[in-house]
Amino acid sequence: MSDHLAQLLEKAVATSFLGESMMLTQDWDDQRLGSLIALAELFAELDKRGIKTPLCPSELAYAMFFDNSTRTKSAWAGAATRLGMSPVIVDGSSTQVSHGETAAETGAMLGMNSHALGVRHDLILGEGNSFMRDVKQGIDEYLAATDDPRKVPIVNLQCDIDHPTQATADLLWLRERFPEGLAGKKIAMSWAYSPSYAKPLSVPQGIITLMTRFGADVTLAHPEGYQLIPDTVAHAAANAKASGGSFRVTDNMDDAFEGADVVYPKSWGPYDLMLERVAANKARDKAAMADIEHRALARNKQYTDWICDERRMAKTAGGDALYMHCLPADIGDEVTPGVMDLHKVNVAREAQKKVYVIMALLAGAKLPDLKERLSAYLP
Ligand code: CP
């Protein structure tokens, strides 16, 4: 067994997360997060070497999406298949949730037959993360009531608070690009203009809460009115203090880019309108929802100069910061075609890490004998 793989395996099993679901990265302590990262890096290394790891054969991996997705659906299918599971993607709007079935009931019904469940529910503040926790409770209660020993983890495939598989994939990509570590690296998480739709807040929230745990100097930049959920900003500040990094907020994109090693410019919706959407959604008021969306895009339009362009990239460290984006990016609005063209392979490599994060979340949560099972695959 190579030293590198053996070290990754030891780290991966150092703190077990058997039976656990990562609803937010902030919920997991450094030890558990460290094991998740090592396990994901081990899966990535084995995959690169062409070593297959069908650890969960003949198992069903459901993923329920209440919003559009390209990369995360593909990562779910890729992860489940690499583990020997059968992935099935369910359109959330086609479930009975829209007919009043509760999250807990839905969880119990899907959990009855499945061996893992991914959920994306990201558009309405206050709803997605609690929906996932209720689904998990429904599954767990069903399993307990029927003396079923299965571990059926929930994987948060993006909620209103966090996008944990994205943020962790982004972290894996940064660890590859900066093997010396993130301590002292300047990361600019910036709002950028988008005309396409009022995007969720979960990606910037996920980035500021996770990257501040690794000693990075994180700057959050946004125009007035585009603040994030206050708890997530407070967590970012506390994490930075604990890790020896720093965290600050600015309303100036140029200021955030100055000397940055990494820039992550992406759009999200105005906070007050995201809050207004909660009541309109509860009332199932489609006209109000459409009006809020219209006003959000009109608000965005005041800030078309918030674009990641060549002039701003020239302000970054050495003029060549790493550009990151969770994708899809609005090219021509969030970022210029020239900047995107320079980084198109980088953002694809960033996106590809998600498959290994999902593999790690599934295998670590499901397999009590993870070390023995994985050892068998190591050369
Ligand atoms: N970044 C991301 O989650 O991509 P999708 O929305 O396409 O899944």
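User: In what order do the four strands of the open sheet stand?
Analyst: This is a predicted model, in which local features need pLDDT of at least 70, side-chain atom pairs count only at pLDDT 80 or more, and totals for chains, interfaces and linings use all residues. Residues are numbered from 1 along each chain as its sequence is written, and side-chain values use heavy atoms, with hydrogens and water left out. Strands are DSSP runs of E with at least two residues, and helices are runs of H or I with at least four, both numbered from the N terminus; two strands pair if DSSP finds at least two bridges between them. The pairing in this open sheet is parallel, and the order is β2-β1-β3-β4.

User: Which residue of β4 is the bridge partner of Val119?
Analyst: Strand β3 and β4 are joined by three bridges in the parallel sense. In β4, the partner of Val119 is Asn156.

User: Which residues does Leu174 touch, not counting residues up to four places away in sequence?
Analyst: Leu174 is one of the residues with the most contacts inside the largest nonpolar core. Contact means heavy atoms within 4.5 Å. With residues up to four places away in sequence not counted, Leu174 touches Leu182, Ile187, Met211, Val262, Leu322 and Met324.

User: How large is the area buried between domain 1 and domain 2?
Analyst: The domain assignment, whose bounds come from an automatic or database source, gives domain 1 (3-162 + 354-375) and domain 2 (167-352). Their centres, taken over C-alpha atoms, are separated by 25 Å, and 28 residues of domain 1 are in contact with 33 residues of domain 2. Buried area is the accessible area (1.4 Å probe) that two parts lose on being put together, summed over both. Carbon and sulfur atoms give 55% of the area between these domains, which is about 2,500 Å².

User: Is strand β8 mostly covered or uncovered?
Analyst: In a regular strand the side chains alternate between the two faces of the sheet. With five of its five residues buried, strand β8 (residues 262-266) is mostly covered.

User: Which residue in β9 is the bridge partner of Val262?
Analyst: Strand β5 (residues 186-191) runs parallel to β8 and is joined to it by five bridges, with Ile187 partnered by Val262. Strand β9 (residues 322-323) pairs with β8 in the parallel sense over two bridges. In β9, the partner of Val262 is Leu322.

User: Is Asp330 buried or exposed?
Analyst: Asp330 lies in the loop between β9 and α13 (337-352). Its contacts include Ser194, Pro195 and Lys199, not counting residues up to four places away in sequence. At 15% relative accessibility, Asp330 counts as buried.

User: Which residue does a cis peptide bond join to Leu327?
Analyst: Most residues other than glycine have a negative phi, and most peptide bonds are trans. Leu327, however, has a positive phi of about 70° although it is not a glycine, and it is found in the loop between β9 and α13. The cis bond, with omega about 0°, joins Leu327 to Pro328.

User: What is the relative accessible area of Asp147?
Analyst: Asp147 is placed in the loop between α5 (128-145) and β4. Although it is not a glycine, Asp147 has a positive phi of about 50°. Asp147 is exposed, and its relative accessible area is 70%.

Terms used. Core = buried A, V, L, I, M, F, W, Y, C linked by side-chain atoms within 4.5 Å. Buried < 20%, exposed > 50% of the residue type's maximum accessible area, 1.4 Å probe, protein only.
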